[in-house]
Amino acid sequence: MQALQGLPRWRRAAELIGRRAECAVLDQLISAVRSGESRALVVHGEPGVGKTALLDYVAAQALGCRVLRSNGVQVEMDLPFARLHQLCAPMLDRLDRVPGPQRAALRTAFGISEGPTPNVFHVGLAVLSLLSSVAEEQPLICVIDDHQWLDTASASALAFVARRIGGESVGLVVATRDIGADLGGLPGLPVRGLPVGESQALLETALSGPVDARIRHQIVVETGGNPLALLELPRGLTPTELAGGFGLPGAMSLSGSIEESFARRAGALPEAAKQLLLVASSEPSGDPALLWRAAAWLDIEADSITPAVEEGLVELGIRVRFRHPLVRSAVYRSASAEARQQAHRALAEATDPELDPDRRAWHRAQAVIGPDEDVAAALECSAARARMRGGFAAASAFLRRATTLTHEPSLRVARALAAAEMHLKAGALDPIPDLVAMAEAGPLSEFQRAQIDLIRAQLGFLTNRGSDSPPLLLKAARRLAPIDAALSRETYLDAVAAATYFDAGSAASNSTRPVAHLWSIARAAAAAPQAVEMRASDLLLAGTVAALTDGYAAGLPMLRRGLAEYGTGLTAGRELQRLWFTSTTAMRIWDDERWDALSSRHVQLARDLGSLSELPRALDIRTLQCVFSGDLTEAARLTHEARAIEDVTGTVLAPYGVLGVAAFRGDAAAEKHLRQTTMPGGSRAGDAVESTAAEWARAVLCNGLGRYRDALDAARRAVSFDAGPVSLLWPHVELVEAAVRGGELETAQDAYRRLAETTSAVGSDWALGIQFRSAALLTGGGEAEELYRTSISHLSRTNLRVDLARAYLVFGEWLRREQRLNEAREPLDTAYQMLDTMGVLAFAERAYREVKAAGGGVRRRVRASRHDELTAQESHIARMARDGLSNSEIAARLLISAHTVNYHLRKVFVKLGITSRSQLEAALPDEL
């Protein structure tokens, strides 16, 4: 093992003893990065266990690599992108190599230039591009310590990068105490206490004289082999205690005992040294010049800090660096409130108000106790700047502190509500109830009361799956009616959408609350004042309410107009807000053309605006559209993209698109996936909303496989979740077919009647095609033939190729059962060719068996051997490259770097035996 030159003895000792296995893992990472690969690793363990020492080992061993470092600091957790800026600062001279939108986003995030709130995708991609650019010249390793104390914006961006590095020579090593959701799934290296033998050897390096064997053993046992504790605890014991006879104090928590040791050592310093050490602990930037300016304001000589350096608590160099984060914590927490305020006051005076107004405002806020409008106003300005940079966590922190410093009641209410809204955007939910309670102390306007209802509704959606959201939104809508009629109607629409989304879930869980909410919302909205000039959102609300109160057909004209006009006159952000509802409305009224257009627009806007919360939902709806259109390859790619977004954000949405792909693909893997999804006690079985979709998907799969009894059971469970006019009736389609095949004609007729109530009212080609196909299954003789042919005629005028192919299939099956074998072969062959080409495998196999039974000679398509197939990522990239997208455009779409795109394309070329992008069209397999 290479000696770590230039490191203090107290660091080298902890590294060189007992860490051979951990160092071997790190050596492998360094070797992989040197050879052109990318690696991410999360080093995790309790405080003092040696994580920082292992990061130092990486930095020392990474010969031939460029090493960049950053570390989280607890007191700086509310400053957006602070730690990311520390990491990227040495590379900013390469910003001109980053694509324009990404470069602009990063410059805005870092406060280098002004601009609109940066697209979060672009910030992450900019960092990825920056790292990739540096790695092209020299392998790069980024070392991040104390990840648990990173600001939220930096943590999110680095988690994004960790999951997206691929073909670059980039290593990312992160040290943290516990692996949270943002780092979940990344390779980990647990760091535990040293074994007894190594613990005793390390302890010997910290002892200056003989120690009673029992005391030595007790120290080893109580520290659990924690290296920092082994080095620090003996410093807090007297020679008499070490010599034996008294033993150690009662066991304490490890971090507490270490921190107390550091606090005792700091407390023994001269007063001036203690003051400067406290100032340094209060300012996480580590800027020595700032420390010296603060010292001058306090009238303390700079060299007064020398005793703290000699004691090994702090290092002075290019940056001020504490020996361990617990030293900083011990110094700050052990100081009196008055001393901390004085330190922050000195730092505020030493901070340039023009160059760093936010840091100055924050220090000023920590230097006061009671209300101070001047400081509160400065914090409010800092919040506005943080919000523009996309730092919602920082904006919420600034506003929360501003609220506590505000004396004037009405201003306090406004700031409390603004802080609560920022906390919602940041996903930091714990302080929201207190902020709302602070606002409710008043005085409140009616508009602010409605704001509180809206905040509580959003909080309810995020914390308990939205069961409380519909009534809270209804309450807000009613309150807003006399104040802002347009906003009131929009809130009614949001309430309807929330209740609609959770109706299936309520039925599945035998609860009537959200269903009752939906009807009460509809009645209230119907009684509310209507718009003189109906906008699209007004039409959507009026149409949904009419469908609920007066019957399905009554709402259709307004819903059609609302869908046709939606987006007109709206900003992109406002349009995106309700595209999920408009897309699902198009599905519910069997409008395949609007569904196609709106779902495509939904994905485009979510990507353009960088909405991480909205894009997975958009991709999910678009996936289903691709499934019904027969493009299962594209549908599978969209689900892959949605999973990539969820990996970045840590969110998990109900995967309706994944279920649809699995159902229509119909292979063994799909059946296993659906069985796990719907089985009681499964990881997702408790999610009633998802269970509804899963039962529909299972019914589709089993109908395709010809297992009609299983399909009947699944479809029955799915239709039991029927929530009236706002329900999708796809499960009824499957129930008709399964019940007819299973000989339960009464069940099939009941399902058909429910289906026909909507399809006959709609009258679209999709609706009528499904209606006539279902009616034909229930009918015999010449009438059935006419119904089948009419169904095929209608569906041929849509782009929904799967439903068309299924119409050909059931028509051919009917002809074969009528012993009209010659006539049966043509529709059956058409069905097989369509289904097989689309990859709808279970139905294709069913069609193949029917063709053979009718005496046909259809030939199975030869598929590529498994070892020659491209991976999902490779096929996704290959198809986009074939379609003319540049590497940068592909990278932005898939949230990876352009270098990684090139890396995958090289592998695609080798597998396909080609040498250029121009050959992709001919070389790609048919199913791509």
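**Exercise 1. Find which residues make the nonpolar surface patch of about 220 Å².**

Step 1: The patch is made by W292, V309 and L316. To join a patch, a residue needs over 30% relative accessible area and no salt bridge, and nonpolar side chains (Val, Leu, Ile, Met, Phe, Trp, Tyr) are joined within 5 Å.

Step 2: Now place L316: look in strand β6, residues 314–316. (Strands are DSSP runs of E, at least two residues, and helices are runs of H or I, at least four, numbered from the N terminus.)

Step 3: L316 has a relative accessible area of 38%, so call it partly exposed. Buried means under 20%, exposed over 50%, and partly exposed in between (1.4 Å probe, protein chains only).

A quick word on ground rules: this is a predicted model, where local features need pLDDT of at least 70 and side-chain atom pairs count only at pLDDT 80 or more, while totals for chains, interfaces and linings use all residues. Residues are numbered from 1 along each chain as its sequence is written, and side-chain values use heavy atoms, with hydrogens and water left out.

**Exercise 2. Work out which residues R879 bridges to, D631 and E634 being the ones to check.**

Step 1: With D631, R879 forms a salt bridge whose closest N and O atoms are 3.4 Å apart. The cut-off is a side-chain nitrogen of Lys or Arg within 4 Å of a carboxyl oxygen of Asp or Glu.

Step 2: Check the sequence gap: R879 sits in helix α45 (residues 872–882) and D631 in the loop between α32 and α33, 248 residues apart.

Step 3: R879 also meets E634 in a salt bridge, again 3.4 Å from N to O. Since E634 belongs to helix α33 and R879 to α45, this pair ties together parts 245 residues apart in sequence.

Step 4: Compare the cover. R879 is buried at 16%, D631 is partly exposed at 26%, and E634 is partly exposed at 22%.

**Exercise 3. Explain how E785 and R789 are placed in helix α41.**

Step 1: Their side chains meet in a salt bridge, 3.2 Å from N to O.

Step 2: Both are in helix α41 (residues 781–795), and because they are 4 residues apart, about one helical turn separates them.

Step 3: E785 is buried, at 17% relative accessible area, whereas R789 is partly exposed at 44%.

**Exercise 4. Count the salt bridges and pick out a network.**

Step 1: The structure holds 50 salt bridges.

Step 2: R489, E490, D494, R535, D538, R574 and R578 are linked in a network of them.

Definitions and conventions:
Patch = residues over 30% accessible without salt bridge, like charges linked within 9 Å, V, L, I, M, F, W, Y side chains within 5 Å. Areas by Shrake-Rupley, 256 points an atom, 1.4 Å probe, with all protein chains shown as cover.
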